[in-house]
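Open the structure in a viewer and keep the sequence panel beside it. The stops below say what to select and what is there.

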Amino acid sequence: MTFSKSKALRIVTIVLRVLVGLVFLVAAYAKLKDPWALFAMSIDSYGILPLRWVEFTARTLPWFEAVLGVALIAGVFQRVTTGIGTLLMVAFIGAMAWAKLHGKEIDCGCFGPGEAISVWTVLRDASIGAALLFVTLMSYWKPRPSSV
Amino acid sequence: MKVRAVAALLLAATALSGSDFIKGNAFGNPAAPIMVEVFSDFQCPGCKLFHDTELSQLMHDYVVPGKVYLIYRYFPLDMHPYGRRTAEAVAAAAQLGKFDQASNAVFAKQAEITATGKAEEVVDTVLTPAEQQKMKALMASPIVHDTIEHDLAEGRAAAIPGTPTLLVTYRLKRYTLGNQEVLKYQWVKAMLDDLLKK
């Protein structure tokens, strides 16, 4: 039995998309199970957003992550969802790198409170971002019809 | 249901065993719906900021109206050479019913204590000569030693990330508010209001 390269790529893409979708759902649940102010504290400690945006982000981002997670798992609007997911990860990595460069010893807020920003958290988000970028690129890729 | 009942019993047992170490450093109604434990080091600048700004608001808005039972936990960090000595002096003053005055004094003179290490002398300023003698005896007593060790063990068990950290307990659930550059009252208030609405 032969297993074509395009088929393998398609399976890898689906597996990555579902896994990243699950990660988004776990991240959303970890934030939503606690009072929103806990996540607001994490966002505020980065010192990037103005206060009125901190509350808005703390209240809406977990729900956005949940919707994105479900959409990624279901595979709907793939180009849009994977593209937005990639941009979101770039923003998260940028914020963490910014905090690290400014010597801030704070929580990353990725999966609720209690996890300080470290090389590990940056690498983890970079891996998720790379996986999403791959899935995004794959959603634009059309395999060439095999010659007869 | 059984699990909840066991958890409630365990929490009650923990609270009771911990109450042996609370003297003068707890405020408000012990039956308040929310318990807030403040893990603080008298030599930590962030703790001074929290004490000078947020703590009085927390007391006024939540402790006095009976919504929050607040316990000060002694958590001197190894990085502060006079943190432990200062905690001993304040814990001894607390045994004499002068926690408030002693903690206010050591936070007000934090820079001076950091430079000279003279924590006892600063606490002495809020005590009578008789109390000063008692404080010195208490500082060497197991009561003060055990109180600080108990609070340190509590903090380590809760894996608090540093000082100041607030450990908020509501309906058997604990929330850790720490690892922030500045613990803003705005968010502490939002969280407490959110919990009280549930």
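**Chain A**

Select chain A: residues 24 or more positions apart account for 69% of its contacts with a separation of 6 or more, two residues being in contact if their C-beta atoms, placed from the backbone, lie within 7 Å. This is a predicted model, in which local features need pLDDT of at least 70 and side-chain atom pairs count only at pLDDT 80 or more, while totals for chains, interfaces and linings use all residues. Residues are numbered from 1 along each chain as its sequence is written, with chains lettered from A and ligands numbered from 1 in the order in which they are written.

Show chain A as a cartoon: it has 5 helices and 0 strands. Helices (H or I, at least four residues) and strands (E, at least two) are DSSP runs, numbered from the N terminus. Taken along the principal axes, the C-alpha atoms of chain A fill a box of roughly 60 × 30 × 25 Å. Of the 148 residues in chain A, 35% are buried. A residue is buried if 20 or more other C-beta atoms lie within 10 Å of its own, exposed if 12 or fewer, and partly exposed in between, with C-beta atoms placed from the backbone.

The average for chain A is 90, and 94% of the residues score at least 70. Among the elements of chain A, helix H3 (residues 51-74) has the highest mean pLDDT (96) and H2(A) the lowest (92).

**Chain B and its sheet**

Move to chain B, which has 9 helices and 5 strands. From the N terminus on, its elements run α-β-β-α-β-α-α-α-α-α-α-β-β-α. In chain B, 43% of the 198 residues count as buried. Among contacts in chain B between residues at least 6 apart in sequence, 73% join residues at least 24 apart.

Select the strands of chain B. The 5 strands form an open sheet in the order E1-E3-E2-E4-E5, with mixed pairing; two strands pair if DSSP finds at least two bridges between them. Strand E1 (26-27) and E5 of chain B stand at the edges with a single partner strand each, so one side of each is left without a neighbour in the sheet.

Zoom in on strand E4 (residues 165-170) of chain B and E5(B), which pair in the antiparallel sense over 5 bridges. In E5(B), B:Tyr175 is the bridge partner of B:Val168, and B:Leu177 is that of B:Leu166. The hairpin of these strands has 2 residues between them, and there B:Arg171 takes a positive phi near 45 degrees.

Pick B:Asp52 in helix H2 of chain B. It counts as partly exposed because it has 13 C-beta neighbours inside 10 Å. B:Asp52 and B:Asn104 are 52 residues apart in sequence and 8.6 Å apart in space, C-alpha to C-alpha.

Then pick B:Glu149 in helix H8 (residues 142-157) of chain B. B:Glu149 has 13 C-beta neighbours inside 10 Å and therefore counts as partly exposed. From B:Glu149 to B:Tyr74 the separation is 75 residues in sequence and 8.5 Å in space, C-alpha to C-alpha.

**Where the chains meet**

Show both chains: 13 residues of chain B are in contact with 15 residues of chain A. On the chain B side, strand E5 (173-177) and helix H9 (185-197) each supply at least two residues. The largest share of that side, 5 residues, comes from H9(B).

**The core**

Last, select the largest nonpolar core, which has 83 residues. A nonpolar core is a set of buried Ala, Val, Leu, Ile, Met, Phe, Trp, Tyr and Cys residues joined through C-beta atoms within 7 Å. Among the members that touch the most others are A:Ala40, B:Leu70 and B:Ala93. Helix H2 (residues 36-46) of chain A gives the most to this core, with 8 residues.

Key. pLDDT is the predictor's confidence in each residue, from 0 to 100.
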